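This report describes a single protein chain for a reader who is new to structural analysis. Please keep the sequence and the structure in view while reading.

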Amino acid sequence: MDDPRTADPVAQEIARNRDRQSAIYGEPLDERIRRLTTGLGITQARLAAAVGLSPAMLSQLAGGRRVKIGDPAVLGRMTALDRRLAHGPVPDAERDLLLARVRQEPTPWAPTGGCRCAEQTPATGQAVPQPRRVPAEPTAEDALRGVSAPARLVAAAAELAPAFPEIAEVLRRAAAGRR
C-alpha cells in the first residue's frame, strides 16, 4: 500500500517543512511546542504570547505549514523555557512569573530600537539622508551569517553561553545581523 504522505501534495510539503525544521532546530517544532505546552500546562495561545508570536504563527510552525521562526528573540525565549523545564516541572505558583519574566527580559541578540536609516529633522519633518558607509572588512559575524541561519546561530549561542560567553556573544551578534 502507498504511503498516504506521498499521494497528498500538502502532506508532502508539511513533511518537507518538518524535515527542514529538524535540520535547523534539531527537531520538528511541533515536538518542541508540545513539550513546552505540556510541561508548563498552558495552551499554544498562552505560549505564543509568552514568546512573542501570534497564536496563528505558532500554529503554522507547529503544523509544519511554516518552517522558520523569523525573530531570533522568539527562539531565545523558547530555549529559555526549554532550559527551565529541563530542571523539572514548573510549579503552578511559579508558572505565571516565569512566563512574564521570559516575555519581559530582553535578549542580548534581539535588535533594540527602531530603524534609524532616515532620521527626521524636527523643524521640517523631512527625512535627512544618511551618509553612505564604506564597506568594512568581513568579520567573523559575516562569515557565520554566510554558513548558518540566524535561528541556528541563536541556538548555538544558547548552548555555548554557560561555558563560552564571548563566543556566544559573537553568535548572537551574527544572528541579529549587527556588528
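## Overall architecture

The model is predicted. The protein chain contains ten helices and zero strands, and its elements, read from the N terminus, run α-α-α-α-α-α-α-α-α-α.

Of the 179 residues in the protein chain, 33% are buried.

In soluble globular proteins, nonpolar side chains tend to be buried together. The largest nonpolar core in this model has 34 residues, and Leu40, Leu47, Ile69 and Leu81 have the most contacts inside it. At least two residues of this core come from each of α2, α3, α4, α5, α6, α7, α9 and α10. Helix α6 gives the largest share, with five residues.

Leu81 illustrates how such a residue is surrounded. Apart from its neighbours within four places in sequence, Leu81 is in contact with Leu36, Leu40, Leu47, Val51, Leu98, Leu99 and Val102.

## Helix α9 and its buried face

Which residues of helix α9 (residues 150-160) are buried? They are Ala151, Leu153, Val154, Ala157 and Ala158. Viewed down the axis of α9, these buried residues fall within an arc of 160 degrees, so they line one face of the helix. The elements that cover them include α2 (9-25), α6 (72-86), α8 (140-147) and α10 (165-176).

Val154 lies in helix α9 and has a relative accessible area of 1%; since buried means under 20%, Val154 is buried. Val154 and Gly76 are 78 residues apart along the chain, yet their C-alpha atoms are separated by 6.7 Å.

## Charged pairs

Side chains of opposite charge can pair when their charged atoms come close. The whole structure has 13 salt bridges. One of them joins the side chains of Arg84 and Glu94, at 3.2 Å from N to O. This pair links distant parts of the chain, with Arg84 in helix α6 and Glu94 in helix α7, ten residues apart. Glu94 is partly exposed, at 29% relative accessibility.

An α-helix has 3.6 residues a turn, so residues three or four places apart point the same way. Of these residues, Arg172 is buried at 11% relative accessibility, Glu169 is partly exposed at 24%, and Arg173 is partly exposed at 23%.

Elsewhere, salt bridges that share partners join Glu27, Arg32, Arg35 and Asp82 into one network. Arg32 is located in helix α3 (residues 29-40) and is buried, at 11% relative accessibility. Not counting residues up to four places away in sequence, Arg32 touches Glu27, Leu75, Met78, Thr79 and Asp82.

Leu160, Phe164 and Ile167 form a nonpolar surface patch of about 240 Å². Ile167 belongs to helix α10 and is partly exposed, with a relative accessible area of 41%.

Terms used. Residues are numbered from 1 along each chain as its sequence is written. This is a predicted model: local features need pLDDT of at least 70, side-chain atom pairs count only at pLDDT 80 or more; totals for chains, interfaces and linings use all residues. Side-chain values use heavy atoms; hydrogens and water are left out. Helices (H or I, at least four residues) and strands (E, at least two) are DSSP runs, numbered from the N terminus. Buried means under 20% relative accessible area, exposed over 50%, partly exposed in between (1.4 Å probe, protein chains only). Contact means heavy atoms within 4.5 Å. The arc is that of the directions from the helix axis to the C-beta atoms. Patches are made of residues with over 30% relative accessible area and no salt bridge: like charges are joined within 9 Å, nonpolar side chains (Val, Leu, Ile, Met, Phe, Trp, Tyr) within 5 Å. Accessible areas come from the Shrake-Rupley method with a 1.4 Å probe; for residues, only the protein chains shown count as cover. A salt bridge is a side-chain nitrogen of Lys or Arg within 4 Å of a carboxyl oxygen of Asp or Glu. A nonpolar core is a set of buried Ala, Val, Leu, Ile, Met, Phe, Trp, Tyr and Cys residues joined through side-chain atoms within 4.5 Å.
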